[in-house]
Amino acid sequence: SKIEYQRADVQVMAQKNAAAEKFNRQVADQEKRVKALQSEAEKQEMRASLIEYNLNDVDAAIQAVNQALASGLDWGDLKRLIK
């Protein structure tokens, strides 16, 4: 009858609304993740640029650490030495 048809129609609309809300939440979550990844990518690009800009100093620091380790200095002593 007409009442049953209206109930079914209301139920279908409720299901559509619930599905749309779930979809919207998923879209918002994905957008949030994309923004976080973009932000992290920008940070990593900045770090890479700084390393490239200071490449000579970075290479010298790596060489100094490798020489200290090769001479028998352990990581703990090296850490205290750097501080």
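What does the chain average in pLDDT, and what percentage of the residues score at least 70? I looked this up first: the chain averages a pLDDT (the predictor's confidence in each residue, from 0 to 100) of 94, and 100% of the residues score at least 70.

I note that this is a predicted model, in which local features need pLDDT of at least 70, side-chain atom pairs count only at pLDDT 80 or more, and totals for chains, interfaces and linings use all residues. Residues are numbered from 1 along each chain as its sequence is written, and side-chain values use heavy atoms, with hydrogens and water left out.

**Helices.** I took helices as DSSP runs (H or I, at least four residues), numbered from the N terminus.

Glycine 72 follows H2 with a positive phi, near 105 degrees.

**Salt bridges.** I found two salt bridges (a side-chain nitrogen of Lys or Arg within 4 Å of a carboxyl oxygen of Asp or Glu). Aspartate 29 and arginine 33 are joined by one at 3.1 Å, N to O; both lie in helix H1, four residues apart. Arginine 80 and aspartate 77 form another at 2.4 Å, N to O; both lie in helix H3, three residues apart.

Note on methods:
Helices (H or I, at least four residues) and strands (E, at least two) are DSSP runs, numbered from the N terminus.
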